[in-house]
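Please keep the 3D view open as you read.

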Amino acid sequence: MEKQIGTMRVLVTGGSGLVGKAIQHVVKEEGGAREGEEWIFLSSKDADLTNAAETRAIFEKHRPTHVVHVAAMVGGLFRHLRQNLDFWRNNVCINDNVLQTAHEFGVVKVVSCLSTCIFPDKTTYPIDETMIHNGPPHESNSGYAYAKRMVDVHNRACWTQYGRRYTAVIPTNIFGPHDNFNIEDAHVLPALVHKTYKAKRDGTALEVWGSGHALRQFIYSLDLARLYLWVLREYDEVEPIILSVGQEEEITIKDVVDAIVEAFGFTGPVIYDTSKSDGQMKKTASNAKLRSYRPDFTFTPFQTGKHQTHLSQLKKSTVLT
Ligand SMILES: NC(=O)c1ccc[n+]([C@@H]2O[C@H](COP(=O)([O-])OP(=O)(O)OC[C@H]3O[C@@H](n4cnc5c(N)ncnc54)[C@H](OP(=O)(O)O)[C@@H]3O)[C@@H](O)[C@H]2O)c1
C-alpha cells in the first residue's frame, strides 16, 4: 500500500544534468507525478548553489515541501585528479547550503545523492550502506568523496537535533541520455562513447585509458530516476540506500569498450594505455537493502540489444564533435 504524503511541491536541484533530466522524463513522460503535485527543475542558471544568498532566494521563490538534491560538481577520474580541491569546496558549499536552507524553510524531506565511489578504498566486498565512514576513500577523488560523506553526517545530525527525515541514495556508475561527453572531464562510459565516435570518424585507433580490468556496476539513468521517486515517496530511513544492479552484473571496462565498439561498428585497433590510472579497481556494491524493499524492481540490462538502443540514443542526444 502506497503511503499518502499529501500534495508535494518538489524542487529538483541539478535538474539539467544526467540524473535530473532522467527524473524529469519519469515525472513528465512516465506519469511519475501525481495529481496536484508541482515539480520544479533547477539548473545552475536559476541559482548558484555554492552561494548561500542565491540558494535562499530560490527556496523563497518556490517554497518546496520536498527536495530532490542531485546538483553537484561531477566528473570522471581525470577531472578529479586535476581538480580535487574544487570538488571538495564546491560540493561542501552546495550541500551545506541546500540542506541548511531546506531545514530553515521547513522542507519535509530531502533526498540527496551520494555515490559508491565515496566508500573506503581498502575495504571488504561487497560494500554496503554501513561502511561509508570506515576508512579513507581512494586518493584520486578524495575531495569529492569527503564532501559527499559529509551529507550523511549532516543528515544524521539533522535527524537527532531537529527530527528531520533527510536521507540520501547511493548510485553506482550511471549512464544514459544527457550525459557529459567531454573526453577530458566525463565519466568513463560517455568518454569512451565520444572517443569511439571520433576514432571511427577519423579512421584512427581507439585509445582507452587504463588497463580495462577495472570492474564497475552501471545503472541506467531512467532506472535510477524511477527508484529515486520511490525513495522520495516511500523510503523512511535516514540511513542512505544503495541503488544498484546486483553484484553479478558487475562488468569490466573492457566489457564496456567491447559493447561500445560493437554498437558503433568500429573495426579499428583498440589500444589500452596502461600508463594511465585505472582509478579504484573495483567498488562492488551490494543491493541487498534495496532488494529487501523492492524485490520486484527490474533493471534495464546493460549487455543486451536494448543497450544498443541506449547507445544510439547517446549518440543522438549529444553534440559529438
Ligand atoms: N554520473 C554518475 O555516474 C554518478 C554516479 C554516482 C553519483 N552521481 C551523483 O548524481 C548526481 C547527479 O549527477 P549527474 O551525473 O546528473 O551530473 P551532471 O550531469 O554533471 O549534472 C550536474 C547538475 O548539477 C548542477 N550544478 C552543478 N554545479 C552547480 C551549482 N554550483 N549550482 C547549481 N547547480 C549546479 C548542474 O547545472 P548546470 O547544467 O546548469 O551546470 C547540473 O544540473 C550528483 O550528485 C552526482 O554526485 C553521479
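1. The residues of the shell around the ligand divide into 12 nonpolar, 12 polar and 2 charged. Please bear in mind that this is a predicted model.

2. Of the 26 residues around the ligand, those that come nearest are Gly14, Gly17, Ser44, Ala72 and Ser115. Helix H1 gives the largest share of the shell, 3 residues. H1 and strand S6 (173-175) each supply at least two residues of this shell.

3. Next, have a look at the sheet. Its 6 strands form an open sheet in the order S2-S1-S3-S4-S5-S10, with parallel pairing. Strand S2 (38-41) and strand S10 (241-243) are at the edges and have a single partner strand each, so one side of each is left without a neighbour in the sheet. On average, and with direction ignored, neighbouring strands of this sheet are turned by 20° against each other.

4. Strands of a sheet pair through backbone hydrogen bonds, either parallel or antiparallel. Here, strand S3 (residues 66-69) and strand S4 (residues 109-113) run parallel and are joined by 4 bridges. To find your place in S4, look for valine 111, which stands opposite valine 68.

5. Now back to H1, which also meets the sheet. This helix lies across strand S1 (9-13), S2, S3 and S4, and runs at about 155° to S2.

6. How do H1 and H7 pack against each other? Helix H1 (residues 18-29) and helix H7 (residues 221-234) have axes 8 Å apart and an angle of about 65° between them. The two helices are therefore roughly perpendicular to each other, and H1 passes H7 in a right-handed crossing. On the H1 side the contact is made by Leu18, Val19, Ala22, Ile23, His25 and Val26, and on the H7 side by Ser221, Leu222, Leu224, Ala225, Arg226, Tyr228 and Leu229. These contact residues divide into 10 nonpolar, 2 polar and 1 charged.

7. Ala52, Thr55, Arg56 and Phe59 of H2 make the contact with Asn97, Val98 and Thr101 of H4. The residues of this contact divide into 3 nonpolar, 3 polar and 1 charged.

Notes: Residues are numbered from 1 along each chain as its sequence is written. This is a predicted model: local features need pLDDT of at least 70, side-chain atom pairs count only at pLDDT 80 or more; totals for chains, interfaces and linings use all residues. Axes are lines fitted to C-alpha atoms, for helices over the stretch in contact, and angles run from 0 to 180 degrees between N-to-C directions. Angles under 35 degrees count as roughly parallel, over 145 as roughly antiparallel, 65 to 115 as roughly perpendicular and the rest as oblique. A crossing is left-handed if the near helix is turned anticlockwise from the far one by less than a right angle, and right-handed if clockwise. Two residues are in contact if their C-beta atoms, placed from the backbone, lie within 7 Å. Ala, Val, Leu, Ile, Met, Phe, Trp, Tyr, Cys and Pro count as nonpolar, Asp, Glu, Lys and Arg as charged, and the others, Gly among them, as polar. A residue is near a molecule or strand if its C-beta atom, placed from the backbone, lies within 6 Å of it. Two strands pair if DSSP finds at least two bridges between them.
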